[in-house]
Amino acid sequence: MDGIVRLTAIEDIRALKARYFRLLDDKRWDDFGALFTADAVMDLSDVLPPGTPPAMLTVDGREAIVAQNRRLLSDAVMVHNGYSHEITVHDAGTASAIWAQEDRVVFPDHVPCPFPHRSSHNFGRYHEDFVREADGWKIRRLNLVRTYSEVG
């Protein structure tokens, strides 16, 4: 693969992930959904608390991903950051990446909280697969793994 094509893909995917964090934190759900392929899969089995229904641990499809994030996080104050990206471009249309991540999620006292804790400060890694569609790179598979979490 041409070096310019590869570097352009890496920069486009890096910008896609930056939009992911910003749109999630800003709760811009329609724009957030546009970052995913129609058949995307979001695996949160390592993140959600014990007792979470299995259908919420691995979410299939863009619409379901947006609906679950909206349902769980609309009342939260959030800050998500990604660091130290390792992006591998497999060809002109597929890539994968690992991102170190940190997030802070707080449910203020006056709002409902769907979790057993009202706040968390988390560290982990996103493992993701991407595909290039007609309108740019999209997330096809996202797996978030926690390495450390402080809850309150």
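Modeller: Keep in mind that this is a predicted model. Asp 103 and Arg 146 form a salt bridge, with 3.3 Å between the closest N and O atoms.

Biologist: Where do Asp 103 and Arg 146 sit in the chain?
Modeller: Asp 103 is in strand β4, residues 94-106, and Arg 146 is in strand β6, residues 136-151. The pair is 43 residues apart and links distant parts of the chain.

Biologist: Is Asp 103 buried or exposed?
Modeller: Asp 103 counts as buried, because its relative accessibility is 2% and the cut-off for buried is under 20%.

Biologist: How many salt bridges does the structure hold?
Modeller: There are 9 salt bridges. One of them joins the side chains of Glu 128 and Lys 17, at 2.6 Å from N to O.

Biologist: What does the Glu 128 and Lys 17 pair tie together?
Modeller: Glu 128 lies in strand β5 (residues 119-133) and Lys 17 in helix α1, so the pair ties together parts that are 111 residues apart in sequence. Both Glu 128 and Lys 17 are buried.

Biologist: What about Glu 11 and Arg 14?
Modeller: Their side chains meet in a salt bridge, 2.5 Å from N to O. Glu 11 and Arg 14 are about one helical turn apart, because 3 residues separate them in helix α1, residues 3-26. Glu 11 is partly exposed at 40% relative accessible area, and Arg 14 is partly exposed at 31%.

Biologist: New topic. How many residues are in the largest nonpolar core?
Modeller: The largest nonpolar core has 39 residues. Those with the most contacts inside it are Tyr 20, Phe 32, Phe 36, Leu 73, Phe 130 and Leu 142.

Biologist: Which element gives the most to this core?
Modeller: Helix α1 does, with 8 residues. Other elements supply at least two residues each, including α2 (29-33), β1 (36-43), α4 (62-73) and β3 (77-91).

Biologist: What does Phe 32 touch?
Modeller: Not counting residues up to four places away in sequence, Phe 32 touches Tyr 20, Leu 23, Leu 24, Ile 65, Val 66 and Asn 69.

Biologist: Where does Asn 69 lie?
Modeller: Asn 69 lies in helix α4. Asn 69 counts as buried because its relative accessibility is 7%. Leaving aside neighbours within four places in sequence, Asn 69 is in contact with Leu 24, Trp 29, Phe 32, Met 42 and Ser 74.

Biologist: And pockets? How much space lies in the largest one?
Modeller: The largest pocket holds about 490 Å³ of space. Its lining has 29 residues, and the closest to the centre are Val 47, Leu 48, Phe 115, Asn 122 and Arg 146.

Biologist: Last one. Is Thr 37 buried or exposed?
Modeller: Thr 37 counts as buried, at 0% relative accessibility. Thr 37 lies in strand β1.

Biologist: What touches Thr 37?
Modeller: Beyond four places in sequence, Thr 37 touches Arg 62, Val 131, Glu 133, Lys 138, Ile 139 and Arg 140. Thr 147 is 110 residues from Thr 37 in sequence, and the C-alpha atoms of the two are 27 Å apart in space.

Technical notes: Residues numbered from 1 in each chain as written. Predicted model: local features only at pLDDT ≥ 70, side-chain atom pairs only at ≥ 80, totals over all residues. Heavy atoms only, no water. Salt bridge = Lys/Arg side-chain N within 4 Å of Asp/Glu carboxyl O. Helix = DSSP H or I, 4+ residues; strand = E, 2+ residues; numbered from the N terminus. Buried < 20%, exposed > 50% of the residue type's maximum accessible area, 1.4 Å probe, protein only. Core = buried A, V, L, I, M, F, W, Y, C linked by side-chain atoms within 4.5 Å. Contact = heavy atoms within 4.5 Å. 1 Å grid on protein atoms, 1.4 Å probe; cavity = no way out; pocket = protein on both sides within 12 Å on 5 of 7 lines; lining within 4 Å. Points joined across faces, edges and corners; volume = space filled by probe spheres on them.
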